[in-house]
Amino acid sequence: MDPMLTLVGALMLVISIVLSPISSRVGMPVLLIFLGVGMMMGKDGPGGIEFDDFQLSFLVANLALGVILLDGGMRTRAETFRVGLKPAMMLATVGVALTALGAAFVAWLVFDLHWMTALLIGSIISSTDAAAVFSLLQGRGLHLNERVSATLEIESGSNDPMAIFLTLMMVTLITSKGDHAIQDSLILLVKQFSIGGIGGILGGFLIAELANRIRLNPSLYPLLVVAAGLSVFSATTALGGSGFLAIYLCGVVIGNRQVRMMPMILQVHDGLAWLAQLCLFLILGLLVNPSDLLPLAGSGLILALALIFVIRPIIVMATVWPFGFNRRELGFISWVGLRGAVPIVLALFPIIADIPEAQLVFHAAFFIVLVSLLVQGTTITPLARMLHLEIPANGEPYRRLPLDAPAAGDHELMLFPLRGKNWETPTMLGQLRFPKNTAVAGVFRNRVCLQPKANLEVSSGDMLAMFATPSVLKELGKSLSGRQAPKHLAERAFFGDFVLNGDALLGDVEQAYGIEFHELSPGLSLAECFAIRTKGHPVVGDKVVLGPVTLVARAIEADQVSKVGLKMENP
């Protein structure tokens, strides 16, 4: 092995990691930095590396996407499927097909291509990218309402099979003159979804069961999960199914079951996912020379902007509006049609199949990804805040450590830093109210561990070590959260001064507060008001405005609002 090759590869990783903090300062997607470093190290840049191994790139890209989708799936909560599954599936199937047609029409106009080649370009850029969506939604400190975040995450994790099917169908139609090409393509579609779906769900259950049944060194559990997940990915692909769908569903199943050492698995997989994204975008950046993109910049820009400002919004309005989304939510989902690694990987198919104009197809897909990351990726966070789609975040522990002892059950050691205004005034431990089946393990102050006593005062700057189970994490985090939130996300400012039960009747609220609601019947409960306005699937942060009163959903149980905040314009 050439030591210079490993040195250059390692230096590229180091440079990308060192430059990554710039993304949060200037609002640039970190994935764009990784792509930029890869392009700078290429033939046209100061690195001068000539790299055109498309087969190796295809292999690395598939493995990296598998790791990214597995990690994203494990962080997708099954309860989010109640509000996000149906709209996401519409976007992942019908939406992808319609996007491909719209993009193909524009590509046919601006690139002056044969209609089949234009359809190939449309198919390649038709899906949103899980790597880009997961990294931007989970890495920017955004806490979007569940309806929006669930739809975007499920869509990006499950729309690859349709894009792969459309791409392979067009490659087959272009390279083959056989009479059965369309029939074979439809069979491929069925196999992609059915084998991918079944393989992913079964694989997830088997991996979770395996991790729970065997005793390993704690450090080996994350490696077991990633190795087994990639085995499911590869086996599903070998059987003709969608490995991308399989490994995403595999992660969803694992992440929503009680799996031994799960916090450690997630912590290690976070690093693995970042490493996969680094390698993926660096190697894809090496494949492209900026000089190859310049001749198609004008036509590519028209296609990219049409995709962002016309095609995606029309598709979202046509497929998602029946599911109870308001205009602000529809606008945001329309904007977050991020293109990333998947279109570039799919653009390798025509090159491997030696299709005429394959280089043009590849460079067009790459250029559209660059524009998408630059235009959409840099504006997601400010747009979400401008549209008021954020909700207050629950206090997350600084660190979670599984105890992995039979007598401890599923208890973990959780570390909570005490910060913010709530903790500026010292409070005795005995006055704090914690959920059942929890205990204070210790208090850390100035690198000294203090024994937890009822009369010990804790304040801002202390670190509380708690024994607790994952089931009470949300309640525990809420009671210990004191972080300084923006004014509009402070709990009283967001939810209001009054808390009501969801089964309270509008008529009772009218009598208690001396307000008349003319819009709805006084016999309706507050929960029913939200069900009517959201078409049966409310989420925390939903609002119902009734004259001078705004009702805000505070808590959801069994798809119904259980706690309601009440805000009054003129209390």
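Start with the surface: the protein exposes about 25700 Å², and carbon and sulfur atoms supply 62% of it (Shrake-Rupley method, 1.4 Å probe; for residues, only the protein chains shown count as cover). Before you click further, note that this is a predicted model, where local features need pLDDT of at least 70 and side-chain atom pairs count only at pLDDT 80 or more, while totals for chains, interfaces and linings use all residues. Residues are numbered from 1 along each chain as its sequence is written, and side-chain values use heavy atoms, with hydrogens and water left out.

**Whole chain**

Zoom out and colour by secondary structure: there are 24 helices and eleven strands (DSSP runs numbered from the N terminus; helices are H or I with at least four residues, strands are E with at least two). The radius of gyration is 26 Å, close to the 25 Å that the globule rule gives for 571 residues, so the protein is as compact as a globular protein of that length (taken over C-alpha atoms; the rule is 2.2 Å times the number of residues to the power 0.38). Along the principal axes, the C-alpha atoms fill a box of roughly 75 × 60 × 45 Å.

Of the 571 residues, 52% are buried (buried is under 20% relative accessible area, exposed over 50%, partly exposed in between, with a 1.4 Å probe and protein chains only). Among contacts with a separation of 6 or more, 74% join residues 24 or more positions apart (contact means heavy atoms within 4.5 Å).

**The cores**

Now select Ile125, Leu280, Leu303, Phe332 and Phe362, the residues with the most contacts inside the largest nonpolar core, which has 137 residues (a core is a set of buried Ala, Val, Leu, Ile, Met, Phe, Trp, Tyr and Cys residues joined through side-chain atoms within 4.5 Å). Another core, of 19 residues, lies apart from it; Ala504, Cys529, Ala553 and Leu566 are among them. Back at Ile125, show its contacts beyond four places in sequence: Ala103, Leu303, Leu307, Arg339, Pro343, Ala365 and Ile368.

**Helix α6**

Which helix has nine of its ten residues buried? Select α6, residues 115–124; with that count, α6 is largely enclosed by the rest of the structure. Its buried residues include Met116, Leu119 and Ile124. The cover over them includes α5 (81–111), α9 (160–175), α15 (297–320), α17 (341–346), α18 and α19.

Jump to Thr151 in helix α8 (residues 146–158). At 0% relative accessibility, Thr151 counts as buried. Beyond four places in sequence, Thr151 touches Val83, Gly84, Pro87, Ala88, Leu91, Glu146, Phe325 and Ile333.

Next, pick Leu70 in helix α4 (residues 54–74). Leu70 is buried too, with a relative accessible area of 0%. Draw a C-alpha to C-alpha distance to Val225: 9.2 Å in space, 155 residues apart in sequence. Besides Val225, the residues that Leu70 touches include Val226, Gly229, Ile247, Gly251 and His269.

**A loop to finish**

Most residues other than glycine have a negative phi. Go to the loop between α18 (348–352) and α19 (358–375) and select Asp354. Its phi is near 55°, a positive value, and Asp354 is exposed, at 67% relative accessible area. In the loop between α18 and α19 you'll also find Glu357, with a positive phi of about 65°. Glu357 counts as partly exposed, at 42% relative accessibility.
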